[in-house]
Each structure stands twice: as C-alpha cells, then as structure tokens.
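Student: I have just opened this structure and would like to know what stands behind the words used to describe it. Can we go through some of them in turn?

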Amino acid sequence: MAVDGVDLDLYAGEIHALVGENGAGKSTLANIAFGTVKPDAGTVQASGTIGLVHQHFELVGRLRVWQNILLGREPRRGLVIDAAGAKARVLQLASDNGLEIDPDAFVEDLPIGIQQRVELLRELQREPSVLLLDEPTAALAPAEIASFFTTITHLAERGTAIMIVTHKLQEVISYSVRTSVMRHGKIVGSMLTASTTLDDIAREMVGGEIPAVADRAPTTPRPCLSVRDFSAGSGSNRVTEVSFDVQGGEIVGVAGVEGNGQSPLADALAGVATYTGTLTISSSKKRPGVIPQDRHREALVMPWSIVENAILGRQHDPGVQKGALLDRKVARADAESIVERLDVRAASVDVPIKTLSGGNQQKVVVGRALLGEPDLVLAYQPTRGIDVGAAALVQSRLMEARNAGAAVLLVSFELDEILTLADRILVLYRGNIVGTFDRAEIDRAQIGRLMAGSK
Amino acid sequence: MNARRLLAGPLGAILLALVLMAAAMLVAGVSPVDGFAALFAGALGGPNQIAETLVQTTALLFPALGICLAFRAGLFNIGAEGQLLIGGLFAGAVGSHYAMPAIVAFFVLLLCGFVGGGLWGGIAGVMRAKFGANEIISTLMLNFVAVFFASYLVVGPLRSPLATGAETAPLPPSEWLPILIPNSRLSIALLVAIALAILLRFVFSKTVFGYDLRAAGEAPEAARRNGVNMARMNVLAMTLSGAIAGIGGATIVTGVLHRFNTQLSPGYGYTAIAVALVGDLDPLWICVAAFGFGILEAGGLAMQASAQVPKDAIRVIEGLVIVVLAARRFVATQTEKTTA
C-alpha cells in the first residue's frame with residue numbers, strides 16, 4: 001500500500017515539509033490531497049481550493065507564458081480570446097505575488113526555474129488556500145532554489161497553507177515550520193522543524209542509521225580517458241568544445257543543472273551518439289562500464305529476467321555467444337555474480353526484472369556495468385530515485401572500482417552526491433566547463449553559483 | 001501462459017466474441033445453437049471436414065508466424081496479405097514455367113515463396129530503416145501494390161493461353177505437394193508450418209539473433225545502446241517476416257491451387273493478425289490459435305448453407321477478437337503508465 005492510515009494537518013501561513021525516501025508514499029499522498037488519486041478510505045478537507053505543482057511540470061512548451069497560465073480559462077471577447085486582457089491579468093497576478101515574468105515568452109525557451117514560476121502562477125491564479133509542491137527544487141540550481149523559497153515564504157506569510165514534498169533535508173531545515181516524515185506509507189514522525197536536527201530527520205526517514213560509503217583509498221593515477229575539443233548534442237542541450245581528462249583511480253564528477261549538456265556528453269562517451277573532437281580511451285577492456293541515466297528505457301528490458309538482462313550489451317562477445325546460440329550458463333553465472341556483489345534482493349535470478357524494486361533494478365544495472373572490472377566507468381545519475389541504503393551501496397561500489405584503479409566519470413544533478421564521491425569536479429553550464437575543482441579546494445557556494453551561470 | 005492470463009486475454013476475447021456473435025444470430029432470427037452446430041459440423045464433422053479445416057489452419061499459420069516475428073521485433077507488419085501473394089506469385093511463375101522433379105520442386109518453389117515474400121517485406125523494412133517510414137502504413141499500402149502488380153502479371157505476361165481466367169498455367173503434377181489425407185486438399189504444408197513454428201520458438205529463446213530481436217521489440221532504446229544494430233534489425237525482421245508469409249503463399253500454389261491467381265487468399269494475411277495476437281505472439285500457441293480460426297474459416301461456409309448465417313459473420317468474430325485484444329493491450333499500457 002502506497003499510503004496507509006495517514007493523518008496530516010496543514011496550517012494556514014505555514015510551510016510544512018513532507019519528507020521520506022523514494023517510494024515512501026509522499027507523491028501519492030500529495031495526489032490524494034489534490035484529488036488525482038482516490039483514497040480507499042479516509043477524507044481530505046480544506047478551507048478553500050487546493051493547488052498542486054507537479055515535480056515534472058505540466059506545461060505546453062510551444063504556447064506562450066500567458067497561454068499556459070490561463071489555459072482553459074482564457075478571457076474572451078466574443079468568439080476570440082482577449083489576448084491583451086489575458087496578458088494584463090497575468091502581469092497583475094505576477095506582480096501581486098512578487099514574481100517577475102514575461103507573458104509573451106514561449107515556455108520551451110525558458111530556463112527550468114522560470115518554467116516552474118509559470119507552473120506556480122497557474123496554480124496561484126486559482127487562489128488556492130492550500131498549495132502542494134512536489135519536489136519543487138529537483139531541477140533548480142542552488143541560486144534558483146533560494147529565490148524559490150523567498151517566493152513561497154512570502155506566499156505563506158499572506159495566509160496560504162503550503163506543503164513541500166522533498167527529499168532534500170537541508171531545505172527542510174532552512175525553510176519549513178513543521179516537518180512530517182513518511183516511511184513505507186505511514187507518517188512516522190511529525191515535529192516542529194526548529195526543535196529537530198537534520199540528522200534526526202534523516203534517521204527517521206531511513207528507520208535507522210545512514211549507511212556509510214566506502215572509504216577513499218590512495219591510488220596511482222594513470223591516463224585513461226582524454227577528451228579534447230569535444231562537441232556533441234544539438235539545440236540548447238549540448239556540449240561545446242570541452243576538454244578534460246579522467247585518470248585511472250579517480251572519480252571525476254560533472255556538476256550542473258539538468259539540460260546543460262550532460263546527456264549528449266555521456267551518450268557520446270558511451271559510443272551511442274555522434275561527436276566531433278578527439279576522444280582517447282586507454283583501456284585493455286573492450287568497452288567501458290556504462291550506467292545510463294534512465295534504467296527503464298536505456299538499460300534494462302523490463303519483462304526479461306535478471307539472467308537475460310545480465311548479458312545485454314555483451315551478447316555478441318565470444319564466450320557469451322557460442323556459434324549462433326547464447327551460452328545460458330554464462331548468463332546465469334553473470335546474473336548470480338551481480339546479485340551477490342550488489343546484494344540484489346530478488347526471489348531468484350529468473351524473475352522478470354520489472355518485479356524488482358527500483359533500487360534493486362538499479363543495482364543490477366550497476367553490477368552489470370562493473371562486471372569484468374572495466375578500466376573506465378561512465379555513471380550517469382547512478383542513484384536516481386533509489387532509497388538511501390541502495391544508494392550508499394551503489395556509491396560504495398563506484399568508490400571501490402576507483403580504489404581498484406578504474407577511471408570513473410560521474411554525472412549527477414545531486415551536488416551532494418558529487419561532493420561525496422568526486423576527486424575532481426567539473427562544473428558544466430550551457431555546454432561549457434565553467435569551473436574545475438580539486439577535492440582539496442572544493443567551494444560549495446562557488447560551485448552553486450557557477451551551476452547557475454554566475455561567476 | 002497460465003490459465004488466468006489465457007482467460008483474461010486471448011481466450012476471454014474469443015469467448016466474448018462468440019457470445020456477441022450468438023447475440024447477433026438472435027437478432028437475425030437464427031437460433032445460436034443451430035448456428036454453432038452447423039459451424040462445428042462443417043469444420044469437424046468428418047475426416048473431409050477436418051482436412052479442410054487443417055487446410056485453412058495451414059494457410060493462416062504461415063502468415064501468422066511471419067507476423068509474430070515482426071511483432072516480436074516491435075514492427076507492426078500489417079502486410080502479410082501482400083507478402084503471401086507475392087510469395088505465391090514467385091512460386092507460381094517459376095513452377096509453371098519450369099518442370100522440376102518433385103524433391104527439387106519442393107525446395108525451389110518454397111524458396112521462391114521465401115524470396116518473393118521476403119522482398120515484399122524487406123521493402124517496408126528498408127523504408128523504415130532508411131527513411132523512418134512507418135511500417136504500418138507502408139506494409140498496408142504494399143498490400144494494394146501487390147494485388148495490382150500480380151493482377152497485371154496474370155492478365156498479361158504470365159497469363160496462360162489455355163486458361164479461361166486470369167491465372168498462370170497449371171504446375172506440372174510433379175511439383176504438387178504430397179497430400180496427407182487421401183481425397184482432400186491437405187498437403188504436407190501443414191507439417192512444414194508446424195516445423196517452422198518450432199524452429200521460430202527455438203530461434204527466439206536460444207539464439208543471439210532471437211535475443212537481439214526480442215530486445216529490439218521490448219526495449220528499442222536499451223537494445224540500441226547495447227549492441228543491437230536497429231536499422232539492420234528492422235530490415236532483417238521485416239524481410240524474414242515477409243518471407244515466412246511468402247512460403248505460405250507458395251504452399252497454397254503448390255499444395256492447393258496448383259497454379260497462381262489473385263484469388264489465392266481470401267484475406268488470410270489479415271485474419272493472421274488476429275491469429276498471431278490470440279496466440280499471444282508465441283509460435284506454439286499460434287498453432288493452436290490457427291486451428292481455432294481454421295474451424296471458423298472452414299465451418300463458416302457450412303453455417304451459411306445450413307443455418308442461413310452469412311459467412312461474413314465469421315469476419316465479425318475475427319474483428320471483435322482484434323478489438324478486444326487491442327483494447328486489453330491499451331488498458332494494460334495505460335494502467336502501467338498510471339501506476340509507474
């Protein structure tokens with residue numbers, strides 16, 4: 001059951017943070033409160049309307065800002081839409097809420113932070129008494145996050161009850177009045193944020209101690225991946241003439257907000273997209289270990305068993321392919337080795353992979369990428385959407401691969417993950433590397449500013 | 001397939017279609033009991049009836065297996081009808097032109113069907129791989145091209161001077177497929193089809209090619225990123241899919257008609273879509289499904305004669321089965337989306 005016997009009160013004028021791991025039931029609860037999901041039992045009551053801002057924005061990219069905000073409620077003059085009146089209404093709404101917006105801009109041309117503002121304004125024009133925000137800062141740069149919280153704090157002061165669903169505890173501590181923690185569909189703790197600490201909330205979320213990541217061991221660097229004047233991708237999501245190296249025995253983290261060229265960079269390095277420039281890989285292995293961004297679409301065949309998935313990508317290698325046939329014994333041995341090394345929780349290696357939890361699916365993807373000890377590992381959001389325990393395990397395996405001499409390129413939108421793992425950090429902004437930091441000289445604030453495009 | 005899944009899917013679809021058809025008979029003033037009795041007596045009432053049912057089964061089985069291969073590769077080949085026809089055309093043209101001893105004819109003429117159907121399917125595959133053309137549209141359109149192309153040939157260059165209608169000259173008896181049940185039209189083509197089904201299942205489950213093909217169908221992006229050449233797979237799968245349907249056309253020429261004409265198929269290639277779906281895209285279940293549809297095809301005429309239910313009512317069942325199965329798939333994908 002996604003949500004089980006939950007009681008939750010939101011108060012006018014307060015920001016209430018709902019935290020929990022992925023799959024704890026936070027989004028489902030928000031959807032029940034909003035009305036998109038019907039509860040099996042129980043009631044939702046509000047003193048006025050309820051608004052919901054989704055984690056993935058529900059905007060029409062090819063329409064203008066005002067068209068999106070007033071979609072379905074456009075003011076009319078006779079048979080036609082009163083565009084001038086509509087724009088005036090949007091501008092009024094924006095200034096009432098202290099949000100600056102260009103009503104004529106096309107939504108698809110706007111940065112994510114501004115798109116979110118559009119989504120927010122669309123909910124606000126219905127004057128909700130309760131506003132629910134599902135992972136509102138997931139796609140924002142650190143600087144945008146601060147301005148976002150200024151806006152909603154202001155909203156709360158004017159009497160709106162606000163609930164933010166999040167897994168970023170630092171934001172909870174900084175901005176919320178009350179915190180509720182969800183675990184396995186239940187609310188396991190509700191408290192005044194001022195009377196608790198980040199560590200307490202984290203422990204409550206996980207239901208125990210936070211597992212530690214493997215230690216960093218000294219290594220001897222040697223050249224492995226070298227990229228020069230490397231360009232890939234098209235449109236706004238591309239990298240332009242970047243140059244960098246990843247040595248064996250180090251983890252290089254690529255920090256940046258999603259959509260600044262990470263995908264084309266990772267795809268080109270993995271050999272599944274075209275590029276210009278030079279790419280040199282010094283490796284004794286046939287191919288790098290690749291952990292793609294989207295495990296459902298890019299890494300796994302969901303109806304297949306762990307056994308069949310274990311050899312995907314190596315099905316043409318000698319040893320896996322015997323004549324025209326597949327060597328099932330090799331596939332089974334690989335699957336069992338993945339299950340053992342990554343502690344995959346599955347009834348057997350023959351169950352369809354879609355029956356596994358997201359964390360266990362991701363463990364299979366990571367285990368497969370690390371089979372045969374690759375010299376180079378390309379990891380793209382390796383812990384996206386998985387629980388803290390599985391994430392720590394995945395991060396530990398990446399660290400161990402590095403300790404054993406592998407070069408690891410880590411692309412992540414979670415700055416904390418990069419700060420935990422990386423020996424060196426590259427900051428990617430609009431397809432350019434705008435900053436490079438060695439582990440010893442990491443300046444979190446400076447990285448945050450660079451990610452948002454300021455100096 | 002377990003029992004529950006079978007009932008929720010293919011079997012349920014057939015049952016529902018039969019119930020709806022019974023209702024239609026009632027509306028038409030015919031007792032459903034009489035109607036269905038006539039249907040089953042016509043299809044299974046004696047050795048001759050069973051033989052004719054198996055002739056229809058065979059004719060449906062080849063294109064259904066071809067469709068199965070394409071669907072498993074994620075390609076919606078709606079063009080089995082045209083591929084079957086061109087396969088038959090190649091076999092009829094070669095067979096009527098050259099006299100061959102039996103054993104040579106068996107292989108050469110089936111190969112002709114394979115090549116003809118493969119060519120026809122391959123066109124759609126190349127169009128998809130090179131230009132991104134939607135194979136549903138191209139295969140469907142190629143069906144019409146096939147009919148008119150074949151019609152032109154049998155009223156023109158390939159027409160037999162002795163024939164009364166638009167058809168090729170008859171094949172010499174040495175080229176006819178051996179008959180399984182005396183005094184029937186049932187040839188060894190049935191055994192070829194069943195062997196092909198077994199082979200196909202083996203290819204799917206044991207070979208690297210089958211692995212790549214299923215990956216391409218189930219998860220195209222994951223397949224592309226993991227060593228499957230998608231363009232090559234599209235061409236190969238469409239070619240093989242058409243080739244299998246084409247063998248079916250060749251067996252109708254060498255086993256049943258002993259000549260080629262454009263009335264070769266009353267729509268086997270379309271009915272075969274329902275057969276493949278009812279068989280849940282599993283070659284062995286498709287054999288069972290083909291037999292079920294063979295009963296409908298063979299029994300339909302008897303039903304028309306003795307119970308005054310038009311044969312076209314059978315098409316109603318087939319149509320309903322497709323609608324129910326398509327609806328089920330749609331509901332399943334929508335449910336997955338909302339729970340994801």
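Tutor: What follows is a set of questions about terms and values in this structure, which is a predicted model.

Student: How many of the residues in chain A are buried?

Tutor: Buried residues make up 44% of the 455 residues in chain A. A residue is put in that class if 20 or more other C-beta atoms lie within 10 Å of its own.

Student: What share of the contacts in chain A joins residues at least 24 apart?

Tutor: The share is 70%, counted among contacts between residues at least 6 apart in sequence.

Student: How is chain A divided into domains?

Tutor: The domain assignment gives domain 1 (15-206), domain 2 (211-288 + 374-455) and domain 3 (295-373). The C-alpha centres of domain 1 and domain 2 of chain A lie 31 Å apart.

Student: How many residues bring domain 1 and domain 2 of chain A into contact?

Tutor: In chain A, 10 residues of domain 1 are in contact with 12 residues of domain 2. Helix 5 (residues 142-157) of chain A gives the most to the domain 1 side, with 3 residues. By class, that side of domain 1 has 6 nonpolar, 2 polar and 2 charged residues.

Student: Why is Asp229(A) called exposed?

Tutor: Asp229(A) has 11 other C-beta atoms within 10 Å. The cut-off for exposed is 12 or fewer, so Asp229(A) is exposed. This residue is found in strand 9 (residues 222-234) of chain A.

Student: What is to be noted about phi of Asp229(A)?

Tutor: Phi of Asp229(A) is near 45°, a positive value in a residue other than glycine. Most residues other than glycine have a negative phi.

Student: Phi of Gln381(A) is also given as near 45°. Is Gln381(A) buried or exposed?

Tutor: Gln381(A) has 21 other C-beta atoms within 10 Å. Buried needs 20 or more, so Gln381(A) is buried. Gln381(A) lies in the loop between strand 16 (376-380) and helix 13 (388-403) of chain A.

Student: How do you know that Gly98(A) counts as exposed?

Tutor: Gly98(A) has 10 C-beta neighbours inside 10 Å. With a limit of 12 or fewer for this class, Gly98(A) therefore counts as exposed. Its place is the loop between helix 3 (83-96) and helix 4 (112-124) of chain A.

Student: Which residues is Gly98(A) in contact with, leaving aside its neighbours within four places in sequence?

Tutor: They are Thr151(A) and His154(A). A contact requires C-beta atoms within 7 Å. As for Leu52(A), 46 residues from Gly98(A) along the chain, the C-alpha atoms of the two are separated by 19 Å.

Student: What makes up the secondary structure of chain B?

Tutor: Chain B comes to 14 helices and 0 strands. Of its 340 residues, 53% count as buried.

Student: How do you know that the radius of gyration of chain B agrees with a compact globule?

Tutor: With 340 residues, a compact globule would have a radius near 20 Å; chain B has 20 Å, so the value agrees. The C-alpha trace of chain B spans about 65 × 55 × 35 Å along its principal axes.

Student: How do helix 6 and helix 11 of chain B pack?

Tutor: Helix 6 (residues 102-131) and helix 11 (residues 230-257) of chain B pack at an angle of about 145°, with their axes 5 Å apart. Helix 6 of chain B passes helix 11 of chain B in a right-handed crossing. By class, their contact has 17 nonpolar, 14 polar and 1 charged residues.

Student: How many residues of chain B are in contact with chain A?

Tutor: 15 residues of chain B are in contact with 17 residues of chain A. On the chain B side, the largest share, 6 residues, comes from helix 9 of chain B. By class, that side has 6 nonpolar, 3 polar and 6 charged residues.

Conventions
Residues numbered from 1 in each chain as written. Chains lettered and ligands numbered in written order. Predicted model: local features only at pLDDT ≥ 70, side-chain atom pairs only at ≥ 80, totals over all residues. Contact = placed C-beta atoms within 7 Å. Helix = DSSP H or I, 4+ residues; strand = E, 2+ residues; numbered from the N terminus. Nonpolar A, V, L, I, M, F, W, Y, C, P; charged D, E, K, R; others polar. Axes fitted to C-alpha atoms, helices over the stretch in contact; angles between N-to-C directions. Left-handed = near helix turned anticlockwise from the far one by under 90°. Domains from an automatic or database assignment. Rg over C-alpha atoms; globule rule 2.2 N^0.38 Å.
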